Amino acid sequence: MSLSVPAGTVPPDEAPPREGGVLAFMRRRLFASVFDTLVTLAFGALALYVVVGVVDWAFVGAIWQAADVELCRTAEGACWAVIDARGRLILFGLYPYEEQWRSALACLVIVVTMIVSCVPRFWGLKTLPAIWLAGFALFVALMYGGFLGLPLVTTEQWGGLSLTVFIFAAVFVIGMPLAVALALARRSDLPIVRALAGLVIDTVRSLPLLTILFTAAVVVPFVVPDWAQGDKLGRVVVAFALFYAAYQAEIIRAGIQALPSGQEEAAAALGMSYWSRVFDIVLPQAFRASLPATINQVVITFKETSIVTIIGFFEVTASASAAVGRGEWAAYYVEVYVFVALVYFVFVFGLSRYGAYLERRARLARHG
């Protein structure tokens with residue numbers, strides 16, 4: 001039996017190859033019609049105008065160093081000398097000047113911890129928490145001091161980028177185990193445990209983060225005894241970690257639900273205990289399935305650390321405001337906030353690219 005090809009069509013194996021190359025792509029996508037050509041030229045001219053203006057302001061006409069602020073007033077572009085003059089205040093806040101190397105080293109420890117935890121060979125349920133606990137403990141030890149001849153620096157003097165990194169790392173270290181506990185509790189066979197976990201998650205997720213942090217910082221001291229209050233920074237970190245855990249618990253629960261139920265049932269039939277099934281079979285696969293969403297939540301958490309400036313903490317954005325709030329450098333606040341934006345961009349863009357890499361890796365694993 002032969003298959004006939006309708007008249008006017010070309011069999012797939014005889015179809016002409018599609019024209020390739022950059023010029024062909026531009027012709028198809030940007031200059032396919034008169035209207036497309038006009039839109040492309042208009043937006044291209046606008047983009048060129050913006051890029052030329054930014055480059056001229058940020059680089060060509062900029063001043064990078066100035067012994068006196070008067071030199072900046074004659075500049076046609078940006079005055080990056082304000083970063084040289086106020087950079088330590090932005091990065092380290094009120095941390096003692098002679099001890100700021102400790103703050104820089106502590107931030108480097110967390111950066112290295114993040115990089116190491118992104119390597120797949122360290123993704124074990126025992127290895128990864130150990131890496132983060134060790135990195136966070138070293139961070140706190142360097143910042144706080146009080147041993148090996150390091151002067152004691154209390155949390156009231158922490159500020160700038162180091163405080164932002166501390167809040168982010170503390171929220172992650174406290175919030176991730178709490179998220180796992182909430183996710184498992186919400187899948188519990190005990191109705192009371194399941195209902196309480198669901199109530200906590202849904203209540204926290206229904207409240208704005210600022211409301212939770214404000215309650216921890218201002219309201220809690222009025223309703224709990226003095227011995228249970230702790231310091232303000234500790235209360236805010238715990239509240240922030242609870243907020244992170246509520247969202248992360250749902251991500252982990254979705255990863256668990258994506259697993260075939262037969263795996264856990266087979267493990268139970270083999271006599272494996274509940275905790276062995278959870279930590280050896282369920283959670284490793286659930287984390288692997290939910291890694292892109294987890295990275296996205298980590299990115300959101302890092303950006304949300306800037307909210308703590310509203311309740312009186314001297315993190316990097318508050319330090320930037322203080323750096324140009326008054327005095328001779330007040331006119332150059334744009335350069336300072338561009339610098340802070342670049343700091344956030346380095347962290348967030350790196351994490352987002354890593355999340356995209358994980359998505360590609362998971363896609364190849366599914367289809368490979």
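A charge sits over a ring if NZ of Lys or CZ of Arg is within 6 Å of the ring centre and within 35 degrees of the ring normal. Keep that in mind for the opening stop. The model on screen is predicted.

**Stop 1: charges over rings**

Select Arg-205 and Tyr-247. Arg-205 lies over the face of Tyr-247, 4.8 Å from the ring centre. Now select Lys-232 and Phe-313. Here the charged end of Lys-232 sits over the Phe-313 ring, at 5.3 Å from its centre. Keep Lys-232 in mind, as it returns at a helix contact: it is one of the α10 residues that meet α9.

**Stop 2: aromatic rings**

Show every Phe, Tyr and Trp. How many aromatic pairs does the structure hold? The count is 17. Zoom in on Trp-158 and Phe-166. Their ring centres are 5.1 Å apart and their planes stand at 85°, so this pair is edge-to-face. The cut-off for that label is over 60 degrees. Are these two residues buried or exposed? Both Trp-158 and Phe-166 are buried.

Next, select Trp-57, Phe-59, Trp-64 and Trp-80. These four residues make up one aromatic cluster. Leave Trp-57 and Trp-80 highlighted for the next stop.

**Stop 3: Glu-335**

Glu-335 has a relative accessible area of 5%, so it counts as buried. Which residues does Glu-335 touch, beyond those up to four places away in sequence? They are Trp-57, Ala-78, Cys-79, Trp-80, Val-82 and Ile-83. Trp-57 and Trp-80 belong to the aromatic cluster of the previous stop. For scale, draw a C-alpha distance to Thr-317. Glu-335 and Thr-317 are 13 Å apart in space and 18 residues apart in sequence.

**Stop 4**

Leaving aside neighbours within four places in sequence, Phe-347 is in contact with Val-111 and Phe-302.

**Stop 5: α5 against α7**

What is the handedness of the crossing? The crossing of α5 and α7 is left-handed. From α5, show Ser-103, Cys-107, Ile-110 and Met-114. From α7, show Leu-161, Ser-162, Val-165, Phe-168 and Ala-169, which they meet. By class, this contact has 7 nonpolar residues, 2 polar and no charged ones.

Centre on Ser-103, within α5. Its relative accessible area is 0%, so Ser-103 is buried. Beyond neighbours within four places in sequence, Ser-103 is in contact with Phe-92, Tyr-95, Met-143 and Ser-162. Ser-162 is on the α7 side of the helix contact.

**Stop 6**

Move to Leu-148, in the loop between α6 (127–144) and α7. Check the backbone: Leu-148 has a positive phi of about 50°, although it is not a glycine. Is Leu-148 buried or exposed? At 78% relative accessibility, Leu-148 counts as exposed.

**Stop 6: Val-200 on α8**

Select helix α8, residues 191–205, and pick Val-200. At 35% relative accessibility, Val-200 counts as partly exposed. Not counting residues up to four places away in sequence, Val-200 touches Leu-182 and Leu-242. Val-200 and Arg-186 are 14 residues apart in sequence and 9.9 Å apart, C-alpha to C-alpha.

**Stop 7: α9 against α10**

Finish with α9, residues 209–223, and α10, residues 232–257. Their packing angle is about 145°, with the axes 9 Å apart. α9 passes α10 in a right-handed crossing. On α9, show Leu-209, Ile-212, Leu-213, Ala-216, Ala-217, Val-220 and Pro-221. They meet Lys-232, Arg-235, Val-236, Ala-239, Phe-240 and Phe-243 in α10. The contact divides into 11 nonpolar, no polar and 2 charged residues.

Methods
Residues are numbered from 1 along each chain as its sequence is written. This is a predicted model: local features need pLDDT of at least 70, side-chain atom pairs count only at pLDDT 80 or more; totals for chains, interfaces and linings use all residues. Side-chain values use heavy atoms; hydrogens and water are left out. Rings of Phe, Tyr and Trp (its six-membered ring) pair if their centres lie within 6.5 Å; planes under 30 degrees apart count as stacked, over 60 as edge-to-face and the rest as tilted. Buried means under 20% relative accessible area, exposed over 50%, partly exposed in between (1.4 Å probe, protein chains only). A crossing is left-handed if the near helix is turned anticlockwise from the far one by less than a right angle, and right-handed if clockwise. Helices (H or I, at least four residues) and strands (E, at least two) are DSSP runs, numbered from the N terminus. Contact means heavy atoms within 4.5 Å. Ala, Val, Leu, Ile, Met, Phe, Trp, Tyr, Cys and Pro count as nonpolar, Asp, Glu, Lys and Arg as charged, and the others, Gly among them, as polar. Axes are lines fitted to C-alpha atoms, for helices over the stretch in contact, and angles run from 0 to 180 degrees between N-to-C directions.
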